Amino acid sequence: MLKQKLNAYVSAIITIGASLGLAGCGATEDNSTAGVVVHPYASSIKINQLGYLPNASKIVAIPTVSARKFSVRNASGEVIKNGISSEPKPSTLSGESISQIDLSSIKDVGKYELSVDGIDETSTFEVINNRYEDLHKATLKAYYYNRAGLEITPELGGKFARAMGHPDTEVIIHPSAASDARPAGTVISSPKGWYDAGDYNKYIVNSGISTYTLLQAFSQHEDYYNSLNLNIPESNNNKADILDEIAWNLEWMSTMQDPNDGGVYHKLTTLNFSGIIMPQEGKESRFVVQKTTTAALNFAAVLAKASRVYKNIDADLSEKYEKQALAAFKWASINPAVPYRQPEDVSTGQYEDEYPIDEFAWASAELFLTTNSNSFLTSFNNVAVTPEVPSWSNSSALGYISLLFDGKQLLPEQDYQRIKSTFLLLAKRILKEHEQSAYPNSMTKVDYVWGSNGVAMNKAMVMFQAYNLTKEMAYQVAGEGLLNYALGTNPTGFSYVTGFGKVTPMHPHHRPSEADNVVKPVPGFLVGGPHSGQQDKCDYVSDLPSQSYVDHWCSYASNEVTINWNAPLVFALAHMQSKYR
Ligand code: G3I
Ligand code: 9MR
């Protein structure tokens, strides 16, 4: 199967190359329980710590129990609901036995108290309208806080104000990126963009998927975003604030293309990770490093999508982005297999990806939608693999999403239906995982990797898109289960977004949060989350996949923040806000 796709990839490159005027170019959980682990911060009742929207599902988890009687009281102390929790199921991922309590029938706005027989502590929760507005704004404002080349003013940033860092107006071409037109040592300007994460570097493929996800959120919820004020420097212009935020990164991405050949540099970076310093203290030289196939294709996909979004907003910019996308795609057609290879003198993030076929399919889909040229649809159809949960290294689902939500008018009906049913294969798989899981979410063993919370949010995005396509509530509920997971219905008892919830990360691996003199971390960031990798060798309380998390600066493997984990959270929150408004 893969081999066939590989052949199709190669022949599609040749076909596209010709059309562009090139001469020729060549697991779910198992059933045993490993033993009980109680995370130091965990309470006995696992609940969304922010509370719930009136009409949203509200499924709570209680660990290490037999099914138990529960009751819910309203603010006046009256019992408004009681029952027995579900039959417990073992979870090898957390070492617990989990029973669920479904409180979804409680729809009246108010404060409630849940008590469970045999559990001493009770849990209070709120049912509240517009619950996710502040969180949603904060998860977008996090991008403003991570802007390179900009001062965060006291007026807009409050106690998180800081001076400008990394102007990136004098960036050096690294030997790995040298070409005749731009030999090593050439100085270029590549300002703006978002810092990737807790580090201060800027990486194309990770920037690309983040930017795309935010653009997709905007294009599916345009009315909502047109009236959303994020309190950023551009808030008083007449564009949607989310687009202004995205523009800060798109402008940077645009400079990462070598205009002489269309190739795209993989990253803009210092040679090594900096110490724990504020942005303005980072004075080391910055380099653009190696052109890669995945960077070019990711860039092509994102700029093609941006070109469509800007069509009615800024026609010149739209045209510029389309041209750049085509040039990057052409470069990738001539250089179809140039993976990232970390040069010896560089040690920052790699985002290495040996398998560019998914990016090729994604870029083909976006360029079809932008140019209406059927050759791109043909190459998508030839190359597209069954979609997977989106991540920086796997963009296979993104072309499907764009075709389904931006392409209904343009696609032949047969193609649309086939693309829809293939996309829904992924959604059905996730739904099954949700149904089989002990906790009320679809997280499985393979999802617990570096950035597991990003996996959870990308799964939520797939569920919400499946709901949008089918209007089947089961998908909506499964998506909400993942959002509730991130906000507290999980083994560690953390609400994983800084500043939101009763127990939230206080020490994320985020240099500004660690180096400023403010006790609280910069708000609105989703931390990476638990997994057993423990590459940072910090002091963890547990090796179990869903418990292996530590809220410490030391833990870059479980407690860093990044733009690509926040983006699907933004998407999920926009969906919740729009659906339940
Ligand atoms: O590709 C292999 C796969 O074949 C294997 O089966 C699997 C088993 O664990 O590992 C896969 O590789 C993983 C790789 O991500 C691709 O998913 C590595 O184990 C894992 O360590 C690696 O983690 C990445 C991490 O950087 C280290 O390279 C994260 O996905 C990525 O989000 C993270 O990104 C960093 C940037 O480099 C720097 N900026 C911060 C950012 C977040 O921490
Ligand atoms: O701080 C770095 C973080 O942003 C990266 O995601 C992570 C993985 O590449 O690496 C961190 O830097 C660590 C380095 O890899 C090893 N020495 C300790 C550094 C953190 O203090």
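Buried means under 20% relative accessible area, exposed means over 50%, and partly exposed lies in between (1.4 Å probe, protein chains only). The model is predicted: local features need pLDDT of at least 70, side-chain atom pairs count only at pLDDT 80 or more, and totals for chains, interfaces and linings use all residues. Residues are numbered from 1 along each chain as its sequence is written, chains are lettered from A and ligands numbered from 1 in the order in which they are written, and side-chain values use heavy atoms, with hydrogens and water left out.

**Figure 1. Ser85 in a loop between two strands.**
Ser85 counts as buried because its relative accessibility is 4%. The loop that holds Ser85 runs between strand 3 (79–84) and strand 4 (89–91); strands (E, at least two residues) and helices (H or I, at least four) are DSSP runs, numbered from the N terminus. Trp565 is 480 residues from Ser85 along the chain, and the C-alpha atoms of the two are separated by 33 Å.

**Figure 2. The protein chain as a whole.**
The protein chain has 16 helices and 12 strands. Its C-alpha atoms fill a box of roughly 75 × 55 × 50 Å, taken along the principal axes. The radius of gyration is 24 Å, which agrees with the value near 25 Å that a compact globule of 581 residues would have; the radius is taken over C-alpha atoms, and the globule rule is 2.2 Å times the number of residues to the power 0.38. Of the 581 residues, 60% are buried. The chain exposes about 21400 Å², and carbon and sulfur atoms supply 50% of this area; accessible areas come from the Shrake-Rupley method with a 1.4 Å probe, and for residues only the protein chains shown count as cover. There are 47 positive and 60 negative side chains, with the centres of the two sets 4 Å apart. Lys and Arg count as positive and Asp and Glu as negative, while His and the chain ends are not counted. Each charge is placed at NZ of Lys, CZ of Arg, CG of Asp or CD of Glu.

**Figure 3. Surroundings of ligand 1.**
There are 13 residues around ligand 1, of which Asp196, Asp199, Trp392, Trp450 and Glu560 come nearest; a residue is near a molecule or strand if one of its heavy atoms lies within 4 Å of it. One nitrogen-to-side-chain distance is 2.9 Å, from a nitrogen atom of ligand 1 to an N or O atom of Asp196. For Asp199, a polar side-chain atom lies 3.0 Å from a nitrogen atom of the ligand. The side chain of Glu560 has an N or O atom 3.0 Å from an oxygen atom of ligand 1. On its own, ligand 1 exposes 790 Å², and the protein buries 52% of that.

**Figure 4. Surroundings of ligand 2.**
An N or O atom in the side chain of His509 is 2.6 Å from an oxygen atom of ligand 2. In Arg511, a side-chain N or O atom is 2.7 Å from an oxygen atom of the ligand. The corresponding distance for the side chain of Glu560 is 2.6 Å, again to an oxygen atom of ligand 2.

**Figure 5. Ser57 and its contact with Glu480.**
Ser57 is in the loop between helix 1 (2–19) and strand 1 (59–63). With 9% relative accessibility, this serine counts as buried. The side chains of Ser57 and Glu480 make a polar contact at 2.7 Å. A polar contact is a pair of N or O atoms within 3.5 Å; within protein, one must be able to donate a hydrogen and the other to accept it, and residues adjacent in sequence count only if both atoms are side-chain atoms.

**Figure 6. Asp168 and Lys192, with positive phi.**
Most residues other than glycine have a negative phi. Asp168 has a phi near 55° and is in the loop between helix 3 (154–157) and strand 8 (171–173). Its relative accessible area is 4%, so Asp168 is buried. Lys192, with a phi near 70°, is in the loop between strand 9 (187–188) and strand 10 (202–203). Lys192 counts as partly exposed, at 25% relative accessibility.
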